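Here is a friendly briefing to read alongside the sequence and coordinates. Have the viewer open and follow along.

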There are 2 protein chains.
Amino acid sequence: MSAISTPARTTDLPAAALNFPVLSNDAGWRCQGSLWSTLHEVCELLHIPTPTNSHNEDALFQHVRYKAGQRIHTIGQQFENLYIVNSGFLKTVLIDEYGNEQVLSFPMKADLLGIDAIYTQRHASEAVALSDCDVILIPYKTFSALGRTYAELEQAMFSAMSRELVREQAMISMLSSLSAEAKVARFLTNLGERFGQLGYSNKVFNLRMTRHEIGSYLGLTLETVSRTLSAFNELGLITVDQRQIGIIDPVSLKALRRLPPSKSRIKVSKIVSEKMSEKVSALVSKNLLPQWSPELAGALN
Amino acid sequence: MSAISTPARTTDLPAAALNFPVLSNDAGWRCQGSLWSTLHEVCELLHIPTPTNSHNEDALFQHVRYKAGQRIHTIGQQFENLYIVNSGFLKTVLIDEYGNEQVLSFPMKADLLGIDAIYTQRHASEAVALSDCDVILIPYKTFSALGRTYAELEQAMFSAMSRELVREQAMISMLSSLSAEAKVARFLTNLGERFGQLGYSNKVFNLRMTRHEIGSYLGLTLETVSRTLSAFNELGLITVDQRQIGIIDPVSLKALRRLPPSKSRIKVSKIVSEKMSEKVSALVSKNLLPQWSPELAGALN
DNA sequence: CGGAAGTTTGAGGCGCATCAAGTGTGGTGG
DNA sequence: CCACCACACTTGATGCGCCTCAAACTTCCG
């Protein structure tokens with residue numbers, strides 16, 4: 001991961017002369033693309049309405065290309081830009097006090113990066129390209145100014161940050177209450193759905209990340225991830241060929257859970273398992289069964 | 001938790017007649033306080049600079065009092081207000097599809113509630129008073145309008161949301177990489193620090209939440225929380241008397257960790273444990289030792 | 001072609017959940 | 001006022017889910 005194969009740096013960036021937020025940092029060389037996007041194009045990418053009365057003389061936003069392995073920003077780096085993924089796949093990671101990586105997300109097209117830097121004015125996490133990427137650079141100063149002009153923009157930003165907050169809350173809930181199988185199952189279906197929203201197949205796709213990165217993201221070891229994928233494969237829920245995933249039975253995958261973690265609430269779990277255990281265990285091997293699923297619960301009423 | 005002892009609802013709310021964001025929901029009766037705060041007072045509470053040129057004719061913000069057990073907002077409830085805690089202690093929880101509670105945070109004075117509702121315009125979580133509370137109500141419409149006037153306000157909001165994002169990221173990291181002991185230790189020291197910032201003692205304080213709620217927050221069972229507290233007590237790191245906690249050795253508590261979860265990075269862990277194991281294990285019983293702490297790492301160089 | 005990195009699979013062990021029983025405690029009603 | 005009950009907490013016994021360690025295999029890339 002951290003071994004970045006830095007391509008030979010041929011020339012210095014001419015853009016450094018501009019009073020634009022300077023592009024040079026130690027995260028690695030970036031091949032400066034010639035593409036620039038208008039505010040309208042950016043809004044379209046993010047699926048937010050273009051501000052009314054926006055003029056063409058509004059700022060243009062620079063595209064920057066990154067090769068797989070390069071970092072978009074690093075922890076502690078001065079905050080200057082927000083980033084929007086235009087194409088490619090990345091990961092964001094936290095590095096703890098002892099050098100351990102914690103994967104936080106796998107951003108892809110239309111995702112927004114860098115908002116965790118607003119508070120301290122320094123990036124709290126690191127974003128690394130998992131494939132070649134095209135990223136749109138939004139200078140925060142420019143964004144702020146635009147926000148003062150177009151209230152819709154500011155509103156969209158609040159909305160995006162709120163959504164991210166909710167996503168992380170769901171992550172927290174998942175991390176502390178789901179079994180390893182359920183985590184992997186959800187990971188696969190969520191990834192499929194995201195690919196689907198981007199126009200790709202939601203059934204067959206390539207994992208861009210290693211088992212290790214998946215494990216870090218889900219709070220598991222890479223061995224557990226590998227074993228779980230193999231188990232799903234044997235059960236006929238998915239097909240696995242290295243990083244090529246085919247989702248065969250998305251319904252069962254989504255239903256895959258574990259018993260409620262404790263006596264938090266209703267005490268039906270025991271009844272369910274007593275009534276259904278032999279029946280269920282006959283259906284699927286091990287405890288990879290979609291037990292405690294809505295269907296099951298409904299079937300008992 | 002979910003068994004709220006709803007006080008006898010004596011009369012209906014007279015305030016429902018106002019065109020103010022209506023105070024009546026099914027979350028329970030609220031004793032309407034007579035207190036109102038100015039924008040200046042709110043900014044002071046949040047430790048953000050009061051907008052320059054702000055006039056006294058700016059909106060006033062209503063205080064609302066809640067008794068322990070009452071809900072400030074519920075999941076799915078229409079989003080109308082942000083809330084700022086003026087006094088008291090609460091918890092925010094997510095309820096999953098099967099009724100299980102997931103505690104997300106324990107807000108106290110100066111904390112902001114409700115920002116996770118901006119995205120969907122419905123509250124994604126539930127806020128419950130753990131003690132009698134005084135909460136300031138900020139109608140989102142009012143806030144938006146003020147934000148358009150005072151750019152500093154909007155900036156402060158972005159900052160607050162970004163901070164919350166970073167906090168949740170740290171939570172995710174902790175949930176997936178720390179041992180039970182380390183989680184509880186961090187929980188105690190963090191809580192102490194927060195009390196300290198509010199002017200209370202950071203060494204001696206009362207837990208306002210049950211072991212079950214702590215467990216939910218940390219991704220543990222209540223039994224494990226209880227056992228860990230007892231163990232810390234026997235080791236002389238803290239004192240425990242029901243919910244009364246005394247922190248005796250904050251340094252060791254903070255240093256308390258676990259080995260890196262895997263071969264994520266540097267491979268010194270083995271060397272460390274080989275060199276130090278007998279020495280360390282002689283110092284403290286079990287594996288409650290502050291191993292892999294900065295001090296230890298430094299001691300080997 | 002060789003080495004590094006990623007992946008799979010197995011064997012074994014430990015951390016924490018689970019189940020269970022008993023003790024304290026605060027609130028409620030007799 | 002005390003008795004009672006629901007609830008919170010403690011502590012022990014047991015088991016299993018997932019981590020850890022290890023070895024072989026595959027893929028990729030210089």
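Which side chains meet in a salt bridge at 3.5 Å, N to O? They are the side chains of A:Arg186 and B:Glu97, where a salt bridge is a side-chain nitrogen of Lys or Arg within 4 Å of a carboxyl oxygen of Asp or Glu.

This is a predicted model, in which local features need pLDDT of at least 70 and side-chain atom pairs count only at pLDDT 80 or more, while totals for chains, interfaces and linings use all residues. Residues are numbered from 1 along each chain as its sequence is written, chains are lettered from A and ligands numbered from 1 in the order in which they are written, and side-chain values use heavy atoms, with hydrogens and water left out.

**Chain A as a whole**

- Chain A holds nine helices and 12 strands; helices (H or I, at least four residues) and strands (E, at least two) are DSSP runs, numbered from the N terminus.
- Of the 301 residues in chain A, 48% are buried; here buried means under 20% relative accessible area, exposed over 50%, and partly exposed in between (1.4 Å probe, protein chains only).
- Among contacts in chain A with a separation of 6 or more, 71% come from residues 24 or more positions apart, with contact meaning heavy atoms within 4.5 Å.

**How the two chains are related**

- Two copies of a chain are related by a rotation about an axis and a shift along it.
- Here, a rotation of 180° with 0.0 Å of shift along its axis superposes chain A on chain B, with an RMSD of 0.0 Å. That is the relation of a two-fold axis.
- The same surface serves both copies, as 100% of the contact residues of chain A recur in chain B.
- The superposition is by least squares on the C-alpha atoms of residues with pLDDT of at least 70 in both copies.

**The interface**

- The contact draws 58 residues from chain A and 58 residues from chain B.
- Between them, chain A and chain B bury about 5,000 Å², 60% of it on carbon and sulfur atoms; buried area is the accessible area (1.4 Å probe) that two parts lose on being put together, summed over both.
- Across this interface, 23 residue pairs are in polar contact, both at pLDDT 80 or more. A polar contact is a pair of N or O atoms within 3.5 Å; within protein, one must be able to donate a hydrogen and the other to accept it, and residues adjacent in sequence count only if both atoms are side-chain atoms.
- On the side of chain A that touches chain B, β6 (101-105), α2 (140-149), α3 (151-177) and α5 each supply at least two residues.
- α3(A) gives the most to that side, with 20 residues.
- By class, that side of chain A has 26 nonpolar, 19 polar and 13 charged residues. Ala, Val, Leu, Ile, Met, Phe, Trp, Tyr, Cys and Pro count as nonpolar, Asp, Glu, Lys and Arg as charged, and the others, Gly among them, as polar.

**Salt bridges**

- The count is 18 salt bridges over all chains, and four between chain A and chain B.
- B:Arg186 and A:Glu97 meet through their side chains at 3.4 Å, N to O. This pair crosses between chains, from helix α4 (residues 180-197) of chain B to the loop between β5 and β6 of chain A.
- A:Glu154 and B:Arg148 form a salt bridge at 2.3 Å, N to O. A:Glu154 lies in helix α3 of chain A and B:Arg148 in helix α2 of chain B, so the pair joins two chains.
- A:Glu154 is buried at 4% relative accessibility, whereas B:Arg148 is partly exposed at 28%.
- A:Arg148, A:Glu154, B:Arg148 and B:Glu154 are linked in a network of salt bridges.
- Within chain A, A:Asp111 and A:Arg194 pair at 2.9 Å, N to O. They sit 83 residues apart, A:Asp111 in the loop between β6 and β7 (112-113) and A:Arg194 in helix α4.

**Two residues to look up**

- A:Ser216, in helix α5 (residues 211-218), is buried at 13% relative accessible area. Setting aside residues up to four places away in sequence, A:Ser216 touches A:Glu101, A:Gln102, A:Val103 and B:Ser176.
- A:Thr92, in strand β5 (residues 90-95), is buried at 8% relative accessible area. The side chain of A:Thr92 makes a polar contact with that of A:Ser105 at 2.7 Å.
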